[in-house]
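Happy to go through this one with you. Let's take it as questions and answers, asking each time what stands behind a label.

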Amino acid sequence: MKKIQAKKLFKRMGALVAGVVVLACSSLAFPLTAQAEGKYTYCYDYWGDVQDSPDAYEVAAVLTCDDLGLEKPLSTTANGLTAVGNYIYICDTGNNRIVQFERLDREHFTFVKEYTEFKGNVEVNTFNKPRDFQINEDGDIFIADTDNNRVLKLDSEWNYVMEFVKPTDNTLDPELVFQPTKLAVDTAGRVYCIATGINKGMIKYEADGTFSGFVGATPVVYKLWDYIWKRYFTTAAQREKMANFVPTEYANLYMDHDGFIYACSANLAEEDLKSGSAKAVRRLNLMGNDILIQNGEFPVYGDIYMGNGGGYTGCSKIVDVTAFDNDVYVLCDKERGRLFTYDSQGRLLFAFGGKGNIDGYFMKDQPIALDHMGYDLIALDSLSRTLTVFTPTEYGNLIYQAIDQFDAGDYEASGNSWKAVMDRNGNYDLAYIGVGRALLRQEKYKEAMEYFELKYDDDNYSRAFKQYRKEWVEDHILVIIIVLFAILVVPMIIGRIGKIKYEIDTADIFKF
Amino acid sequence: MLTSARIEAFKRYWKSFKFAFYCATHPMDGFWDLTHEKRGTYAAANTILLLTILARIMKLQFTSFVIDPVYWEDINIFLYIGSIVFPLAVWVVGNWALTTLFDGKGRLGQVYIASCYCLLPYPLIQFPLIILSNMVTKDEMQFHSVLSAVSLIWVIVWIIFAMGQIHEYSFTKNILFTIASVFAMLVIVFLLLLFFSMISQGVAYFISFGKELLFRLS
């Protein structure tokens, strides 16, 4: 901590001097330009220092309700956004409807249709505060119809098929009103949903609508001291009023192309995140086990600095997550309005965004809904009622290209792509490591080691070094044997000769 | 004549330096002879201290990053040197100040020489470890960290032994006074902090007083 503080002071002084110089120059020659650019995208280096990065995403368009062609604007509580093929669906929670848009080109969307009801023989065939919308591969539609206390299943023609209702489970409070909020649907038609007030994990329904259990509950986090205090030093009446040690509820779900569910939690304590007892994002398999890989220098929880200031407090609050087909995933932080992109190894590729009324920034404290089309990101800011479309820049595309080429086994091309990334951002650790990994796969160990050493990647360095050492020993085996021989045997021979000489010198028969 | 005296002096120094190696393997009679037979010299003690500091600095630069990554922006070489010299100085003064009140036979200089002689295992192990660190992978790091720990434990245990010998203490008394010396060190550090903060307060007072005065007069 002290290190960081001292470092910051030093940096601030540097920045001050630089700022004064820049101000002096610019006031002489040019008018001041807008300051919004520059500090938008960043990444962390090995030491956790923030390294500015070229923008990996640029704002293609910010679309208001008017731009989208909506007659009745979205409500400020709209919060479900799902991209399917070329269409996006938004759950307009406040207006009890689902709206569909089609993407025309990079920056244009057009309104297709709004859905306020569905056909079918049920009591209520309208929506009441719907919060999530999913379509599975067969075209079946699943809607979290929150205030109607059900998850709806409709066919592709919006005809009622069935509904999933409050699970009959003894551990659930009978008084509890079932309010499903977010959904994930797998290829077999099983539904995973989270609901307000249910913290036992995801509610899992079989395809036929039967409740088959809770999966993937977060481990309960509590401090030992709190436990001792509560267990031994409080009366029953006091205990009644204290908070229970319960698992945290998930904030959102996303099912990736492999059928694993990314689940994020927003209301976590800083110290639990830092100690690793709580996880901001989990990647759950069908058994509900967390299989998220965290090989980065820092855990996957967004910003690693959690200080208070500028109106922000504490850690990143991850409210949505989306994953590309190359296992790169993007987290959305509502506290600071930032998007964090991680690769499949859990290393931060880049982070960008912020709070404010500028394109590419988000409004304060509103949950942002996020989804993707290809590598384009689409974010719904419900307070400003806008859709922001982010498209990767050349730099961002190069990073994705390098990752894809590596995954495809084209190591040389991947190395070249990472070199191109390095040309654009010399402070980017992953570019060096990427080049090194490509070299390692091409069995150029010595060169790979140099790249890893530059960016302190000890795991990969060790891997390369092990091979390099092996090669070196094989090449120099003769020299090694000779040296060993010289060290071990020569002193022995000298000693033996000395001893013989001594014996001869002192032998009786030579005495006269 | 002058040269032969110098050669004599160097021989004496070299002999006392070599004696440190004997002490490193024979703590009991080694440290007894160190003071009672006067086989230790300040020159050799200083040499060993320098070697220790050198080992610590070279470790920074030449140890493989796999074992010891260094955040260079934050390194202050003087603080780094101080991190050895300051605790040693406080230890020597604290130990002497305490033992001299309780029948300790060692004098201040002897405590210093003995403590420095005890440091020898540190450079002795750390220098080869620097070379070794460049030959191991992350999985084989344990060798390195174990040996590194051995060098520190060796030094600490030897210092305790050495103090027992030069003060002519029994084993229990020695342990007791080692612990007491650590507390003495804490007291010294506390007093130093107090002293410096008082001084800086005092200086600040007079500076502001002077400023005020100038301000009024002008």
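**A covered strand and its hairpin**

Strand S19 (residues 318–323) of chain A is mostly covered, with six of its six residues buried. Please keep in mind that this is a predicted model.

Q: What makes S19(A) and strand S20 (residues 329–333) of chain A a pair?
A: Pairing asks for at least two bridges between two strands. S19(A) and S20(A) are joined by five, and they run antiparallel, so they count as paired.

Q: What lies between S19(A) and S20(A), and which residue in the turn has a positive phi?
A: The two strands form a hairpin with five residues between them. In the turn, A:Asp327 has a positive phi of about 65°.

**Two open sheets in chain A**

Q: Why is one side of S16 and of S18 in chain A left without a neighbour in the sheet?
A: Three strands make up this open sheet, in the order S16-S17-S18, and their pairing is antiparallel. Strand S16 (252–255) and strand S18 (281–284) of chain A stand at the edges with a single partner strand each, so one side of each has no neighbour in the sheet. On average, neighbouring strands here are turned by 20° against each other, direction ignored.

Q: How do you know that S16(A) pairs with strand S17 (residues 261–264) of chain A?
A: The cut-off is at least two bridges. Four bridges join these antiparallel strands, so the pairing holds. In this pair, A:Met255 stands opposite A:Ile261 of S17(A).

Q: Why does A:Asp457 count as buried?
A: The label needs 20 or more other C-beta atoms within 10 Å. A:Asp457 has 25 C-beta neighbours inside 10 Å, so it counts as buried. Its place is in the loop between helix H9 (445–454) and H10 of chain A.

Q: What is A:Asp457 in contact with, leaving aside its neighbours within four places in sequence?
A: Its contacts are A:Ile433, A:Gly436 and A:Phe452. A:Gly436 is 21 residues away in sequence, and the C-alpha to C-alpha distance is 9.6 Å. Contact is judged on C-beta atoms, which must lie within 7 Å.

**Chain B and where the chains touch**

Q: Why can the buried residues of helix H2 (residues 27–36) of chain B be said to line one face?
A: The buried residues are B:Pro27, B:Gly30, B:Phe31, B:Leu34 and B:Thr35. Down the axis of H2(B) they fall within an arc of 115°, so they line one face of the helix. Just after H2(B), B:Lys38 takes a positive phi of about 55°.

Q: Which element supplies the largest share of the side of chain A that touches chain B?
A: In all, 11 residues of chain A are in contact with nine residues of chain B. Helix H1 (2–29) and helix H10 (458–475) of chain A each supply at least two residues of chain A's side, and H10(A) gives the largest share, six residues. That side divides into four nonpolar, one polar and six charged residues.

Terms used. Residues numbered from 1 in each chain as written. Chains lettered and ligands numbered in written order. Predicted model: local features only at pLDDT ≥ 70, side-chain atom pairs only at ≥ 80, totals over all residues. Buried ≥ 20, exposed ≤ 12 C-beta atoms within 10 Å, placed from the backbone. Arc of directions from axis to C-beta. Axes fitted to C-alpha atoms, helices over the stretch in contact; angles between N-to-C directions. Contact = placed C-beta atoms within 7 Å. Nonpolar A, V, L, I, M, F, W, Y, C, P; charged D, E, K, R; others polar.
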